[in-house]
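Here are my notes for your first look at this protein. Keep the structure open as you read and check each point against it.

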Amino acid sequence: MSKAAEIDIVSVSKVYGTTTAVHAISLKIPAGSYCCLLGPSGCGKTSTLRMIAGHESISSGDVRLGNIVVTDLPAAKRGTAMMFQSYALFPHLDLIDNVAFSLKMKGFDKQARRTKALDMLKLMQLEPYATRHPAQLSGGQQQRVALARALITEPEALLLDEPLSALDPFLKIRMRAELKKLQALLGITFVHVTHSQEEAMALADIIVVMNEGRIEQAAAPRAVFEKPATAFVARFMGDHNVISGRLKERAGDLVTLEVVGGGTFTAKGQGSAEGLVDIAIRTDRVRVDKTLAHGLGFTGIISNIEYRGGSVKISVTGAGIEDFTVHLSDVDFFTNPSKVGDAIPLSWDAADAIVLGQAAN
């Protein structure tokens with residue numbers, strides 16, 4: 001297998017007519033890492049992947065793979081391989097010929113192609129199915145054929161465009177484990193586009209959260225989860241409450257903000273110069289109790305309760321906040337159960353409230 005390559009994206013933009021899909025993003029993806037580009041539909045993640053692959057032209061900026069600037073190279077000369085969302089297998093060819101297709105295009109003789117294709121099918125645990133056609137396989141098996149076909153060219157980086165989206169929930173979880181194991185075994189750079197927070201958290205060494213063609217945060221999964229860089233990341237990852245308000249006062253490393261409804265809240269950080277502040281509070285760090293320190297809690301009215309087995313999600317309104325989420329363990333909730341319409345006192349520790357930064361322009 002080829003050596004893994006670092007991918008360096010330098011001020012890369014993509015413009016379609018009058019629409020800018022990707023705004024001068026810069027990103028270094030370390031060699032041999034598993035990187036997930038994460039974000040909602042239309043955020044620019046697939047355009048970014050296709051520009052790395054050479055399937056989409058770059059409007060401005062450069063892409064470097066290892067020591068080579070590949071910006072103007074055709075896809076076949078870049079040392080990357082792409083696995084498409086649809087798998088794009090040839091229905092009339094058996095697995096050997098599907099996997100060996102790119103080698104045929106490169107002029108390899110039939111025996112060399114067959115030997116290499118069988119090696120790849122063995123790696124994917126598909127050797128017993130070598131003479132079958134794609135329609136005779138399950139979704140997970142088809143995906144492994146598509147992976148084998150992409151990897152037979154010995155790429156320095158494998159690019160995956162929402163590869164798990166067509167699979168059922170149980171198979172998705174199994175294939176996540178397969179992908180992670182495969183990437184560790186091969187040691188090459190994987191760049192994987194997804195809109196699933198859970199998928200990115202499970203797979204990635206580095207998560208790149210994108211929004212409206214810009215990178216909001218690029219960091220290890222734990223950093224993205226525990227210390228979201230912006231209000232968008234905090235909301236999109238779904239594990240933080242975001243409270244927005246106007247700066248009221250600063251005291252040391254603490255900031256106090258006031259929301260429209262009159263509630264005041266304190267958090268650790270600097271706050272913006274314009275006087276508008278976003279703070280984040282982890283949903284699983286909120287307690288239901290009456291020990292409300294100043295700015296570190298409020299009393300709200302329960303608007304919804306969802307039982308989730310090991311946990312209970314409670315939605316609360318109050319103190320000028322329309323939607324505040326609390327995740328309690330099932331034990332904590334059922335020890336002292338509440339119902340919709342109840343008033344409950346919420347509090348959290350100072351360390352669990354952080355001031356969020358602003359998105360890059």
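**Notes on the predicted model**

1. Among contacts in the protein chain with a separation of 6 or more, 64% join residues 24 or more positions apart. Keep in mind that this is a predicted model.

2. Next, the overall make-up. The protein chain has nine helices and 20 strands. Its C-alpha trace spans about 75 × 45 × 35 Å along the principal axes. Of its 361 residues, 48% count as buried.

3. Now surface and charge. The protein chain has an accessible surface of about 17000 Å². Carbon and sulfur atoms hold 51% of that surface. The chain carries 38 positive and 38 negative charges. Their mean positions lie 6 Å apart.

4. Turn to helix H3, residues 110-123. Arg113, Ala117, Met120 and Leu121 are buried in H3. These residues cover an arc of only 100° around the axis, so they sit on the same side of H3. Their cover includes helix H2 (95-105) and helix H4 (139-151).

5. Move on to H4. How many of its residues are buried? Eleven of the 13 are, so H4 is mostly covered. Among them are Gly140, Gln141, Gln143, Arg144 and Arg149. The buried residues of H4 pack against strand S6 (80-83), H2, H3, S7 and H5.

6. Helix H5 covers residues 169-186. At 1.5 Å a residue, its 18 residues should span 26 Å; the end C-alpha atoms are 26 Å apart, which agrees. The buried residues of H5 are Leu171, Met175, Arg176, Leu179, Leu182, Gln183 and Leu186. Seen down the axis, they fall within an arc of 145°, so they line one face of the helix. On the other side of H5, Phe170, Arg174, Lys181, Ala184 and Leu185 are exposed.

7. What do the buried residues of H5 pack against? They meet helices H3, H4 and H6 (197-203). They also meet strands S3 (34-38), S7 (157-161) and S8 (189-194). H4 in turn has buried residues that pack against H5.

8. Look at Lys14 in strand S1, residues 7-16. Is Lys14 buried or exposed? Lys14 is buried, because its relative accessible area is 5%, and buried means under 20%. Leaving out residues up to four places away in sequence, Lys14 touches Thr19, Thr20, Ala21, Val22, Met51, Glu56, Ser57 and Ser59.

9. One of those contacts, Thr19, lies in strand S2, residues 19-29. Thr19 has a relative accessible area of 47%, so it is partly exposed. Compare its place with that of Ala146, a buried residue of H4. Thr19 and Ala146 are 127 residues apart in sequence and 33 Å apart in space, C-alpha to C-alpha.

10. Find Gly61 in strand S4, residues 60-65. Gly61 counts as partly exposed because its relative accessibility is 30%. Not counting residues up to four places away in sequence, Gly61 touches Val10, Ser11, Val12 and Thr71. Ser26 is 35 residues away from Gly61 along the chain, and their C-alpha atoms are separated by 9.0 Å.

11. Finally, check two backbone angles. Most residues other than glycine have a negative phi. Ser11, in strand S1, has a positive phi, near 50°. Ser11 is partly exposed, with a relative accessible area of 37%. Glu154 is not a glycine either, yet its phi is positive at about 55°. Glu154 sits in the loop between H4 and S7. At 32% relative accessibility, Glu154 is partly exposed.

Technical notes
Residues are numbered from 1 along each chain as its sequence is written. This is a predicted model: local features need pLDDT of at least 70, side-chain atom pairs count only at pLDDT 80 or more; totals for chains, interfaces and linings use all residues. Side-chain values use heavy atoms; hydrogens and water are left out. Helices (H or I, at least four residues) and strands (E, at least two) are DSSP runs, numbered from the N terminus. Buried means under 20% relative accessible area, exposed over 50%, partly exposed in between (1.4 Å probe, protein chains only). Contact means heavy atoms within 4.5 Å. Accessible areas come from the Shrake-Rupley method with a 1.4 Å probe; for residues, only the protein chains shown count as cover. Lys and Arg count as positive and Asp and Glu as negative; His and the chain ends are not counted. The place of a charge is taken as NZ of Lys, CZ of Arg, CG of Asp or CD of Glu. The arc is that of the directions from the helix axis to the C-beta atoms. The expected span of a helix is 1.5 Å times one less than its number of residues.
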